[in-house]
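Subject: Structure handover and findings

Hello,

Here is the structure I said I would pass on. My notes on it follow below the display.

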Amino acid sequence: MPDQVKISHEELERDGFCQNPFFECLVAEVPEENKSKDGFTVVGYALYFYTYSTWKGPTVFLEDLYVMPEFRGNGFGKGLLCKVAKVGKEKQCVRLQLSVLDWNTPSRDFYAAKGAQDLTDSEGWHFIRFDGQNLYNLANEAPKD
């Protein structure tokens, strides 16, 4: 969904490579001799951050898991997912959460095959968002300190 991307490279660098980064990222890299048809050696990534559940405790949230199409089916996605789980376990996270678009059946099947639960079906959770003007309106209604 490249048409949905609204953030710049500079903003990503600022937010991820500062003193208190908003996210962490793992990359899948191949040797130079196996680079992509476009000349890349980084062929996938997993971007994640930490949240907290008042019911369960620390949680790692997987925002993005991406592997270039020409490298899919070779274990890169599974490797990245497992590494994020390992990082979460090392940080004493009690769960790994993510969201998947309803039309993305291959990804939903991939996660289900690894043991993921679809909370939409099992628990009825809805993912809610405030953005743009609605976020600003809400912030403007905050009580004064």
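In which loop is T41 found? T41 lies in the loop that runs between β1 (24–29) and β2. Please keep in mind throughout that this is a predicted model.

T41 is a buried residue, because its relative accessible area is 17% and buried is taken as under 20%. Apart from residues within four places in sequence, T41 is in contact with A28, E29, V30, P31, E32 and K35.

Overall layout

The protein chain has 5 helices and 4 strands. Their order along the sequence is α-β-β-β-α-β-α-α-α. Along the principal axes, the C-alpha atoms fill a box of roughly 60 × 40 × 35 Å. Of the 145 residues in the protein chain, 20% are buried. Among contacts with a separation of 6 or more, 47% are between residues 24 or more positions apart.

In soluble globular proteins, nonpolar side chains tend to be buried together. Here the largest nonpolar core has 16 residues, and V43, Y48, L62, F71 and V84 have the most contacts inside it. At least two residues of this core come from each of β2 (42–53), β3 (57–67) and α2 (76–90). The largest share is that of α2, with 4 residues.

F71 is in contact with V30, N34, K35, S36, V43 and F76, once neighbours within four places in sequence are set aside. V43, one of these partners, is also among the core residues with the most contacts. K35 is a partner of F71 and of T41.

L65 is found in strand β3. L65 counts as partly exposed, because its relative accessibility is 24%. Not counting residues up to four places away in sequence, L65 touches Y45, A46, G77, L80, L81, F110 and Y111. Between L65 and E90 there are 25 residues in sequence and 20 Å in space, C-alpha to C-alpha.

Salt bridges

Side chains of opposite charge can pair when their charged atoms come close. The structure holds 2 salt bridges. One joins the side chains of R14 and D15 at 2.8 Å, N to O. D15 has 15% relative accessibility and therefore counts as buried. The other salt bridge is between the side chains of K35 and E32, at 3.2 Å, N to O. K35 is partly exposed, since its relative accessible area is 40%. Both K35 and E32 are also in contact with T41.

S53 and its surroundings

S53 is placed in strand β2. S53 is buried, because its relative accessibility is 9%. Its side chain reaches the backbone nitrogen of W55 at 3.1 Å. Beyond the neighbours within four places in sequence, S53 is in contact with T59 and R95.

The loop between α4 and α5

W125 sits in the loop between α4 and α5. W125 is partly exposed, because its relative accessibility is 46%. The side chains of W125 and E123 are joined by a polar contact of 2.7 Å. With neighbours within four places in sequence left aside, W125 is in contact with W55, L119 and T120. W125 and N34 are 91 residues apart in sequence and 42 Å apart in space, C-alpha to C-alpha.

I128 is found in the loop between α4 (119–122) and α5 (132–140). Is I128 buried or exposed? I128 counts as exposed, because its relative accessibility is 64%. I128 also belongs to a nonpolar patch on the surface, which it forms with F130, L135, Y136 and L138. Together these residues have about 550 Å² of accessible area.

Regards

Conventions: Residues numbered from 1 in each chain as written. Predicted model: local features only at pLDDT ≥ 70, side-chain atom pairs only at ≥ 80, totals over all residues. Heavy atoms only, no water. Patch = residues over 30% accessible without salt bridge, like charges linked within 9 Å, V, L, I, M, F, W, Y side chains within 5 Å. Areas by Shrake-Rupley, 256 points an atom, 1.4 Å probe, with all protein chains shown as cover. Salt bridge = Lys/Arg side-chain N within 4 Å of Asp/Glu carboxyl O. Buried < 20%, exposed > 50% of the residue type's maximum accessible area, 1.4 Å probe, protein only. Core = buried A, V, L, I, M, F, W, Y, C linked by side-chain atoms within 4.5 Å. Contact = heavy atoms within 4.5 Å. Polar contact = N/O pair within 3.5 Å; in protein donor to acceptor, adjacent residues only side chain to side chain.
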